[in-house]
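Visitor: Can you walk me through this one? I'd like the charged pairs and the annotated domain.

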Amino acid sequence: MNTQTNQTASDVAVLIGRFQPFHRGHVVLLQRALVSAPHVVLVLGSSFQARNAKNPFTWEERAAMIGATLTEEDRDRVSFVAVRDYYDDTLWAAAVRKAVAQSAPDAAHVALVGHFKDASSYYLNHFPKWENIVVESERAIDATCVRRVFFEAEDLDISLSVLDDMVPHAVRQYLKAWALLPHYAALVEEHRRIVAYKTAWKSAPYPPIFTTADAVVVSGGNVLLIRRGGFPGKGQWAVPGGFVEQRERLLHAAIRELAEETKLALLGTTLEGMLVDVKVFDHPDRSQRGRTITHAHFFDLQTENLPPVEASDDASHAAWIPIVELAGMEDQFFEDHFHILDSFLSLSEQGA
């Protein structure tokens, strides 16, 4: 990719995406950004989280694969900023604006380059003070299709040859090398399990909406967590919880799942008296399995003692983790569970 800027009023062009991975459709957007301003800021979304089949690459890996497609001249004009998912549009947009301002502090005029491909592109409307540069799609490529080809490979070389028309050559080579890392096999299995999970619900007359209940339990400056025993998110830290049964109240579901996964030896009636708060987490993209709305119940045991716990049911490990350590564990949590904890415990403020 080799571009020259034209004489525009923009000081910086911004391109926002997950780029999981960077494909030829993204190339068109980046080329437009490079001819629209002397400095381009690529905002890498969904950063700082644990790998999963939807977001397999870290922000550093995505920056490296995109950088590999650029000429040396263009690399000097592009900067990368990483932004986490906040599952709150207002917080997320503020974080993007802050990251861009830090990367280009003298920019008086900012242009936002994007393509309105579907409902997921609504984020482009969150920056009214930036000029919108809308790029029409020339190729029907999306990262979901690329990941499907990459993860459903019976023969990796054949899959990579299929991807030749979807991703730049430098990205194809990056994927070939990345597939040798241990992450690949685990994510292939996670992808397979998620596809099977969704297939099982295909015959439903309407797309299902799942309801879950979680238990955030604190005691003596610690929070009770589990490691997930199965896919998706195998081995990742999570808040105890699970699906609500047919004739079950939400609070009772949270307490039941807590007991099943941690064997916390407290009566349900005792826990009910220790309930401090309940919050609903309903972002449409919070779970790979489909639309899942969870109700997180915050219990404070109000004691310095840590009751004994033991992993059971869906958990492979249960432990009391010091709250002060959680901010440094963000990339080890399942789906949005770090953000669930953050909403109750203000973890991102501690890590700032």
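Predicted model: local features only at pLDDT ≥ 70, side-chain atom pairs only at ≥ 80, totals over all residues.

Visitor: Which residues does the domain annotation cover?

Guide: The unreviewed UniProt entry puts "domain: Nudix hydrolase" on residues 200-344. Such annotations may be inferred rather than shown by experiment.

Visitor: Switching to helix 5. Which residues are buried there?

Guide: A143, V146, R147, V149, F150 and F151 are buried in helix 5 (residues 143-151). Buried means under 20% relative accessible area, exposed over 50%, partly exposed in between (1.4 Å probe, protein chains only). Helices are DSSP runs of H or I, at least four residues; strands are E, at least two.

Visitor: And how many salt bridges?

Guide: The count is 13. The rule is a side-chain nitrogen of Lys or Arg within 4 Å of a carboxyl oxygen of Asp or Glu. E330 and R84 form one, with the closest N and O atoms 2.8 Å apart.

Visitor: Where do E330 and R84 sit?

Guide: E330 is in the loop between strand 12 and helix 11, and R84 in the loop between strand 3 and helix 4, so the pair ties together parts 246 residues apart in sequence. E330 is buried at 9% relative accessible area. R84 is buried at 19%.

Visitor: What about R256?

Guide: R256 bridges to E245 at 3.7 Å and to E257 at 3.1 Å. Shared partners join E245, E248, R256, E257 and E260 into one network.

Terms used:
Residues numbered from 1 in each chain as written. Heavy atoms only, no water.
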